[in-house]
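Subject: Structure for you to look at

Hello,

Here is the structure I said I would pass on. Please open it next to this message and follow along.

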Amino acid sequence: PAIDDAAKHFAAKRSATAKGVTQPSQVRYLTYFSTTLLAGRMLPLQRYQIVSVFFGPVPKRYDAAFAVQVLAYHGESSDELFMGDNTHAEVAGTTAQGEHYFELAVGTEVVEDVLIRFYDTRSRPHKKLFHIVFHTSFLNAEDHDIRFFYKDLDNPSKKLTRQFSIA
């Protein structure tokens, strides 16, 4: 209930249309804030090693034209921790429709706010297909696989299938 009240208050103050919190990452951060309040203290910082990123199914048009960027996110600014594209990815599986799942070796440590962007590199400037933001302190320390589904992505391209996920 506290999250709903906070979201309604934010919506009323944000705009005349009371649009409020709309992106999955925004909803995720309301949950983070509620968890912190209920705990009565700040959660300890947790560091995670992103060994690789597994994602798909990727529509055929992007097989040879995508890039993944991982950033340490600081609100208005960010620091790039990793940038990789299709030339560095391995095909990790194929759907019956011929769409591929890819795995991209990352090998970077993250802590606090993390921003991941996925781009279509066929155009200049690159077109963002989605992004996702999360905080490492709210991840399950025992879960070594972090997975986000299509519904968890911010501004996902309609060209991605509803079965798309990133882990």
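One aromatic cluster is formed by Phe 55, Phe 66, Phe 102, Phe 118, Phe 130 and Phe 164. Keep in mind that this is a predicted model. In total, the structure holds twelve aromatic pairs.

Take Phe 66 and Phe 118 to begin with. Their ring centres are 5.7 Å apart and their planes are at 10°; planes under 30 degrees apart count as stacked, so this pair is stacked. The pair joins distant parts of the chain, as Phe 66 lies in strand E2 (residues 66-74) and Phe 118 in strand E6 (residues 113-120), 52 residues apart. Phe 66 is buried, with a relative accessible area of 0%, and Phe 118 is buried too, at 1%.

Phe 118 also pairs with Phe 130: the centres of these rings are 5.3 Å apart and the planes are at 10°, so this pair is stacked as well. Here too the pair links distant parts of the chain, with Phe 118 in strand E6 and Phe 130 in strand E7, twelve residues apart. Phe 130 is buried, and its relative accessible area is 1%.

Strand E7 (residues 127-135) also contains His 135. Is His 135 buried or exposed? Its relative accessible area is 13%, and buried means under 20%, so His 135 is buried. The side chain of His 135 reaches the backbone nitrogen of Ser 137 at 3.0 Å. Leaving aside residues up to four places away in sequence, His 135 touches Tyr 29, Tyr 32, Leu 45, Glu 112 and Asp 113.

Regards

Notes
Residues are numbered from 1 along each chain as its sequence is written. This is a predicted model: local features need pLDDT of at least 70, side-chain atom pairs count only at pLDDT 80 or more; totals for chains, interfaces and linings use all residues. Side-chain values use heavy atoms; hydrogens and water are left out. Helices (H or I, at least four residues) and strands (E, at least two) are DSSP runs, numbered from the N terminus. Buried means under 20% relative accessible area, exposed over 50%, partly exposed in between (1.4 Å probe, protein chains only). A polar contact is a pair of N or O atoms within 3.5 Å; within protein, one must be able to donate a hydrogen and the other to accept it, and residues adjacent in sequence count only if both atoms are side-chain atoms. Contact means heavy atoms within 4.5 Å. Rings of Phe, Tyr and Trp (its six-membered ring) pair if their centres lie within 6.5 Å; planes under 30 degrees apart count as stacked, over 60 as edge-to-face and the rest as tilted.
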